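The sequence and the coordinates come next.

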Amino acid sequence: MPPTDRIADMLTRIRNACMVEHLTTTVPSTKMNRNIARVLKEEGFITDYEEVGEGIKKQVVISLKYKDRNNQPVIKNLTRISRPGLRVYSNRKELPRVLGGIGIAIISTSRGIMTDREARRQGIGGEVLCYVW
């Protein structure tokens with residue numbers, strides 16, 4: 001049975017793979033998962049991602065990124081903010097800053113999935129999906 005919250009499932013898979021120092025992890029391929037992976041790559045939290053498989057069995061393979069010393073993952077924490085039972089929206093003036101700008105908030109806007117910085121620059125708000133640092 002597929003999970004009801006695919007974003008939380010993706011974040012949990014990435015978090016678990018980082019804890020056990022896996023090089024890659026796979027998540028079901030959805031438009032939202034691909035866009036979140038794109039933002040994580042643009043911000044330097046993951047090395048790369050690619051879509052594999054065909055039809056209904058498509059998967060997104062995410063290559064995780066580690067620091068040189070002691071194999072510490074670049075992603076320290078992933079926190080789901082808006083969830084199916086409690087949606088969290090923010091207008092352009094109240095967009096969150098994660099750890100004073102060190103981390104990012106991934107926002108779903110009318111112009112697509114983007115970081116809080118990009119949404120602030122474009123002057124739009126949206127649904128706060130998650131925090132990453």
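Of the 25 residues in the largest nonpolar core, which touch the most other members? They are Ile14, Ile106 and Val132.

## Basis

This is a predicted model, in which local features need pLDDT of at least 70 and side-chain atom pairs count only at pLDDT 80 or more, while totals for chains, interfaces and linings use all residues. Residues are numbered from 1 along each chain as its sequence is written, and side-chain values use heavy atoms, with hydrogens and water left out.

## Nonpolar cores

A nonpolar core is a set of buried Ala, Val, Leu, Ile, Met, Phe, Trp, Tyr and Cys residues joined through side-chain atoms within 4.5 Å. Buried means under 20% relative accessible area, exposed means over 50%, and partly exposed lies in between (1.4 Å probe, protein chains only). Helices (H or I, at least four residues) and strands (E, at least two) are DSSP runs, numbered from the N terminus.

The largest nonpolar core has 25 residues. At least two of its residues come from each of α1 (6-19), α2, β3 (59-64), β6 (104-109) and β8 (126-132). The most is given by α1, with 6 residues. Leaving aside residues up to four places away in sequence, Ile14 is in contact (heavy atoms within 4.5 Å) with Thr25, Leu40, Ile62, Leu64, Ile75 and Leu78. A second, separate core has 9 residues, among them Ile81, Leu95, Val98 and Ala119.

## Helix α2

The helix α2 spans residues 31-42.

Asn33, Ile36, Ala37, Val39 and Leu40 are the buried residues of α2. They fall within an arc of 160 degrees when seen down the helix axis (directions from the axis to the C-beta atoms), so they line one face of α2. An α-helix has 3.6 residues a turn, so residues three or four places apart point the same way. The buried side is covered by elements including α1, β1, β2 (46-52), β6, β7 (112-115) and β8. On the face turned away from that side, α2 carries the exposed residues Lys31 and Glu42.

Two strands pair if DSSP finds at least two bridges between them. The strands β1 and β3 run antiparallel and are joined by 5 bridges; Thr24 stands opposite Ser63 in β3. The strands β2 and β3 also run antiparallel, with 6 bridges, and Glu51 stands opposite Val60 in β3.

Ser29 lies in the loop between β1 (24-28) and α2. Its relative accessibility is 18%, so Ser29 counts as buried. Not counting residues up to four places away in sequence, Ser29 touches Arg34, Glu51, Lys58, Gln59 and Val60.

## Positive phi angles

Asn71 is a residue other than glycine with a positive phi, near 55 degrees. Asn71 sits in the loop between β3 and β4 (78-80) and is partly exposed, at 36% relative accessible area. Leu99 has a positive phi near 50 degrees. The loop between β5 (89-90) and β6 holds Leu99, and with 49% relative accessibility Leu99 is partly exposed.
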